[in-house]
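Student: Could we go through this structure together, a piece at a time? I would like to start with a loop residue and then move on to the helices.
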Amino acid sequence: MQPFFPVCPVCGAMLQKTGASLRCERGHSFDFAKEGYVNLLTGNHKPGDKTGDSREMARARRAFLEKGYYRPLADALADMICTEQKENPAVLDICCGEGYYSEQISRALPCRLLGFDLSKEMVRLAAKRKLDALFFVANLAAVPLPDNSVDVALHLFAPFHEETFARLMKDDGVLLSVVPGKRHLFELKEAVYDTPYENDEQLPQTTLLTLTGTKKVSTKIRLDTPEDIRALFAMTPYAHRTNKEGLERLEQLETLETTIEFVIGIYKKSTVVSR
Ligand SMILES: C[S@@+](CC[C@H](N)C(=O)[O-])C[C@H]1O[C@@H](n2cnc3c(N)ncnc32)[C@H](O)[C@@H]1O
Ligand SMILES: [Zn+2]
């Protein structure tokens, strides 16, 4: 069976766990942090490069997702993975954030799970979940994993990188990519903006992968506390582009009923992969 474990980000050799580090045969070594994750970003990642989401964003995400508001999405993903009927699949949570979906999937079905994100803060929180999974810090553009090793790639609300996905997926692997639906959080936007707009609901375009189907998950949720409303807002892109008046309106919300809507794109590897 193809190993499903990170490779050395410096030389590409296999990594072995030795004591509190991962080590390759050439002596490159990566220590586990006390929370149990490992940083596999290489020196190619220069200071000033993007480092993924901040600690504040990671905390808001954790606070909100932990309440289970997006559980319908996690359940739909678990069902779709089960439909694939792969025994003990190798699941990769791409840009895993603070690990909410990793945890839901690993509870729902037996699988071998890895998750990575560029943000150390996110990966730290994911590792603190103490799942039977390895979380590591890495950049989407250079994921230190073997080619053709992933049965199911999960990709939620994150940048798309078709070369990486096509390289990592097994020939019969599947990528489940999630984008916000048209009406996602529309009532939240109505409460904050004068002229709210619908999302464009555009799934990623790619030639290396073929979109073989879509599934929509749509429901309403009720947020009962201002803290939950603020945590939700803080993890959206609107947090950085809302003016003072909008933020004041947000502050006044005590409860909120809003639509949540997601589109899951199901991608398989295109038959002819040109690399
Ligand atoms: C909106 S969050 C989604 C997180 C998670 N998938 C979820 O749904 O909870 C986007 C994530 O992508 C990560 N990210 C952004 N650019 C990245 C890159 N180049 N490589 C790896 N992760 C990246 C961010 O750090 C952040 O955790
Ligand atoms: Zn090495």
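Student: Is Asp-132 buried or exposed?
Tutor: Keeping in mind that this is a predicted model, Asp-132 counts as exposed, because it has 12 or fewer C-beta neighbours inside 10 Å, namely 9.

Student: Where is Asp-132 found?
Tutor: Asp-132 sits in the loop between H4 and strand E7, and that strand covers 133-137. In space, its C-alpha is 9.2 Å from the C-alpha of Leu-114, a residue 18 places away in sequence.

Student: OK, what about H4, and how do H1 and H4 cross?
Tutor: Helix H4 takes in residues 120-127, and its axis and that of H1 come within 8 Å and cross at roughly 35 degrees. The crossing in which H1 passes H4 is right-handed.

Student: Which residues meet there?
Tutor: From H1 there are Arg-55, Ala-58 and Arg-62, and from H4 they are met by Glu-121, Met-122 and Leu-125. Sorted by class, the residues of this contact are 3 nonpolar and 3 charged, with no polar ones.

Student: Let me pick Ala-58 then: buried or exposed?
Tutor: Ala-58, which is found in helix H1, is buried, because 23 other C-beta atoms lie within 10 Å and 20 or more is what the term requires.

Student: And what does Ala-58 touch?
Tutor: Not counting residues up to four places away in sequence, Ala-58 touches Asp-53, Glu-98 and Ser-119, and also Glu-121, Met-122 and Leu-125.

Student: How do H1 and H7 cross, and at what angle?
Tutor: The axes of H1, residues 55-65, and H7, residues 226-234, come within 8 Å and cross at roughly 130 degrees. That angle makes H1 oblique to H7, and the crossing of the two helices is left-handed.

Student: Which residues are in that contact?
Tutor: On the H1 side they are Met-57, Ala-60, Ala-63 and Phe-64, and on the H7 side Asp-228, Ala-231, Leu-232 and Ala-234. By class, that gives 7 nonpolar residues and 1 charged residue, with no polar ones.

Student: What else is Leu-77 in contact with?
Tutor: Leaving aside neighbours within four places in sequence, Leu-77 is in contact with Tyr-101 and Ile-105, and also with Leu-154, Leu-176 and Ile-264. Leu-77 also belongs to the largest nonpolar core, which has 77 residues, and it is among the members that touch the most others, together with Leu-92, Phe-135, Phe-136, Ala-153 and Leu-154.

Student: Last topic, backbone angles: what is phi of Asn-88?
Tutor: Phi of Asn-88 is near 45 degrees, a positive value in a residue other than glycine. Most residues other than glycine have a negative phi.

Student: Where is Asn-88, and is it buried or exposed?
Tutor: Asn-88 has its place in the loop between H2 and strand E5, and it counts as exposed, with 12 C-beta neighbours inside 10 Å.

Student: And what phi does Glu-201 have?
Tutor: Glu-201 has a positive phi of about 60 degrees, although it is not a glycine. Glu-201 is found in the loop between helix H6 and strand E10, and it is partly exposed, with 16 other C-beta atoms within 10 Å.

Methods. Residues are numbered from 1 along each chain as its sequence is written. Chains are lettered from A and ligands numbered from 1 in the order in which they are written. This is a predicted model: local features need pLDDT of at least 70, side-chain atom pairs count only at pLDDT 80 or more; totals for chains, interfaces and linings use all residues. A nonpolar core is a set of buried Ala, Val, Leu, Ile, Met, Phe, Trp, Tyr and Cys residues joined through C-beta atoms within 7 Å. Two residues are in contact if their C-beta atoms, placed from the backbone, lie within 7 Å. Helices (H or I, at least four residues) and strands (E, at least two) are DSSP runs, numbered from the N terminus. Axes are lines fitted to C-alpha atoms, for helices over the stretch in contact, and angles run from 0 to 180 degrees between N-to-C directions. Angles under 35 degrees count as roughly parallel, over 145 as roughly antiparallel, 65 to 115 as roughly perpendicular and the rest as oblique. A crossing is left-handed if the near helix is turned anticlockwise from the far one by less than a right angle, and right-handed if clockwise. Ala, Val, Leu, Ile, Met, Phe, Trp, Tyr, Cys and Pro count as nonpolar, Asp, Glu, Lys and Arg as charged, and the others, Gly among them, as polar.
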